[in-house]
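Let's take a walk through this structure together. Keep the 3D view open as you read.

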Amino acid sequence: METNYESLISKSCKNIPKSFVREILSVCDKPEFISFAGGLPNPTYFPVEQMKEAFEKIMETDGKATMQYAESQGYYPLRQWICDWYNTKYNMQITPENILITNGSQQALDMTCKLFINSGEPLMMEKPSYLGAIQAFSAYRPEFHQIRLNNSGIDLNELENVVLKTGSRILYGIPNFQNPTGISYNHQTREDLAILLDWYGIMFIEDDPYNEIRFDGESLSPVYALNPLQTIWCGSFSKMVSPGIRAGWVCAPKELMPHLLRIKQAADLHTNNIVQRLIYRFLCDNDPNDHLFKVRQAYKTQKDCMIQAIQQHFPEEISYTDPEGGMFIWATLPSFLNSDKLVQEAIQEKVVFVPGRSFYTTNDGYQNMRLNYSNSSEEMIEEGIKRLGNLIKKAIIREKETKLISQTY
Ligand SMILES: Cc1ncc(COP(=O)(O)O)c(C=O)c1O
């Protein structure tokens, strides 16, 4: 009998939306394409030589332990390193008991949703939000409630209304250089949110993979530092060192750790032991600040270059964000244009971005474009934005002409 695979697929799996980014990467991963679509860190700054040295060292000194099964919570010295780094940076008192090492922060998102959400229960997030989080959370079939994101951060009035209306107790957000918008919560929003969490008994999943990629403005404390009992703070080495190593962490209240540990054990026993020891060796033998200094400088130059190109080549009807860190600019087209249609035309011109629709759980985002600047040279940014600008100008003229013709008849 022929197997009907489709009939075997679970509702959870069917509920996971496709990733435009991952699909488009395979189409546009050709040298002649200018891609503002992926969220890729700039490979120029990957510390390949230092990693090679660190690898040789761990194999020489501790090869057998490195290749053995290991603790589910993660390599203790690495957890201690994370505590030391952030305790110094934010004057906090986290300990290795608060930290669990994950397979990138993407796994942390999956784990936290598994921890809190039953099918059909409300889950709040920013509008728009990170596509990978929407994918991870969709497997648990929550009832999504997206909450407006202003220039100063999540709209706390709307948040309060949703909490009162739905009884939702779980909020996911990205306070630093949000993906896809580049927006950061200001200090007041962080403080007010910390109070709201307490007032309504809400748990905040604070996703913070871009923490170290601030290139402008002053560093702001994470919401975790303001309300550590009601926040799970997810960090990552992806943007700090390299995404291919797939290492991140959750920093959580100790009371939640036994539950997170069971989830981690059930998922994959523990994060790759070789990778954990490798990063630790790299972090000890090198000053991460040297590396981060170069990355921040480069991203600032790339971001400034993209902003300048937008100002020069995009029509003035287009609004856009100007982030202080991270990797993305969020542009908004006039309401009569459609970014899904625009991206198809852009692909013909060998330039690509992510249309906004991917970042919504509602039927929105048709006027938005996410533009990544971290993985393109200044020449590519200038040329790619010029091509997009020409397409947008043509589309505006076309739409205006169509409207004029329809008004005439
Ligand atoms: C907001 C956000 N969270 C999480 C992730 C996943 O990162 P990681 O590589 O640590 O799994 C990304 C990746 O781009 C992201 O943008």
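The paragraphs below go from the sheet to a helix pair and then to the ligand.

A word on the model comes first: it is predicted, so to speak of a local feature pLDDT must be at least 70, side-chain atom pairs count only at pLDDT 80 or more, and totals for chains, interfaces and linings use all residues. Residue numbers start from 1 along each chain, as its sequence is written.

Start with the open sheet, whose 8 strands follow the order 2-9-8-7-6-3-4-5 with mixed pairing. Strands here are DSSP runs of E with at least two residues, helices are runs of H or I with at least four, and both are numbered from the N terminus; strands pair when DSSP finds at least two bridges between them. At the edges sit strand 2 (99-102) and strand 5 (153-154), each pairing on one side only. Strand 5 runs antiparallel to strand 4 (residues 143-150), joined by 2 bridges, and Asn150 stands opposite Gly153.

Now turn to helix 6 (residues 104-116) and helix 7 (residues 131-138), which pack at about 40 degrees with axes 9 Å apart. Axes are lines fitted to C-alpha atoms, for helices over the stretch in contact, and angles run from 0 to 180 degrees between N-to-C directions. Gln106, Leu109, Asp110 and Cys113 of helix 6 meet Gly132, Ala133, Ala136 and Phe137 of helix 7, where contact requires C-beta atoms, placed from the backbone, within 7 Å.

Finally, the ligand is surrounded by 14 residues, the closest being Gly104, Ser105, Gln106, Ser236 and Ser238; a residue is near if its C-beta atom, placed from the backbone, lies within 6 Å. Helix 6 gives the most to this shell, with 3 residues.

Notes
Two residues are in contact if their C-beta atoms, placed from the backbone, lie within 7 Å.
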